[in-house]
Amino acid sequence: MEQYKKEFIEFMIDCEVLKFGDFVTKSGRNTPFFVNTGFYRTGSQLRKLGEFYAKAIEGKFGFEFDILFGPAYKGIPLSVAATMAISEQYNKDIGYCSNRKEVKDHGDTGILLGSPIQAGDKVVIIEDVTTAGTSIGETLPIINQTKDVSVLGLVVSVDRMERGQGEKSALSEIEEKYGLKTTAIVTMEEVVEHLYNKPYKGNVIIDDQLKEAIDAYYEIYGVK
């Protein structure tokens, strides 16, 4: 496993973004682990998060695109942090864009904020995590309101590696249904590999009991 992936896993633990217990996902699944990027709460955390995203984007897409689109609301700081990191680390100036939940009818009107999307633009979408692939279907129509836009793909922080609407993984379904490339900073398989029965700061994060719960979850929701 690449070093930056290990660092990102530990970074999520430190920021309390990756948690283990009993949770319910947006898609209604009971899960023993949960990723909540809303717990990145300081400037230094967002700066570091942006650097991890930039690394993942570089590996999958390079920087030959125009707009990094972050769906409201969690995607807004992600798009800002990642484009700043791309500028600082790679000297590439990518525009950020996000949507509002409601159309604004005064001042800066419209549903988009940040860099405007124009015909001919190439766009990459940035999200926190995709479980069942439901949010991408809401995001693409917003971007495609501008004609002749090319959406290249989707980058997320964690690939949960579970089924979407059918038998394939959510990211695989997105690739097939929408013709997009997808990538993640880390997969849950890499998270388990790095944390299982290995102490981090004096604590074993994933012990045998938690590993059994994760395995049982994937028996139900894992890709067959």
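First, a term: buried means under 20% relative accessible area, exposed means over 50%, and partly exposed is in between, with a 1.4 Å probe and protein chains only. Now the ground rules. This is a predicted model, where local features need pLDDT of at least 70, side-chain atom pairs count only at pLDDT 80 or more, and totals for chains, interfaces and linings use all residues. Residues are numbered from 1 along each chain as its sequence is written, and side-chain values use heavy atoms, with hydrogens and water left out.

Cysteines, then. C15 is buried, at 7% relative accessible area. C97 is buried too, at 0%. How many disulfides are there? Zero, by the rule that a disulfide is a pair of cysteine sulfur atoms within 2.5 Å.

On to the backbone. Most residues other than glycine have a negative phi, and most peptide bonds are trans. Here are the exceptions I want to show.

E16 is not a glycine, yet its phi is positive, about 60 degrees. Where is E16? In the loop between α1 (3-14) and β1 (18-24). Helices (H or I, at least four residues) and strands (E, at least two) are DSSP runs, numbered from the N terminus. E16 is partly exposed, at 46% relative accessibility.

Next, N91. Its phi is positive as well, near 55 degrees, and N91 is not glycine either. N91 sits in the loop between α3 and β4 (95-104). At 71% relative accessibility, N91 is exposed.

Last, the peptide bond. Which residues does a cis bond join? A72 and Y73, with omega about -5 degrees. Y73 is in the loop between β3 (67-70) and α3 (75-90).
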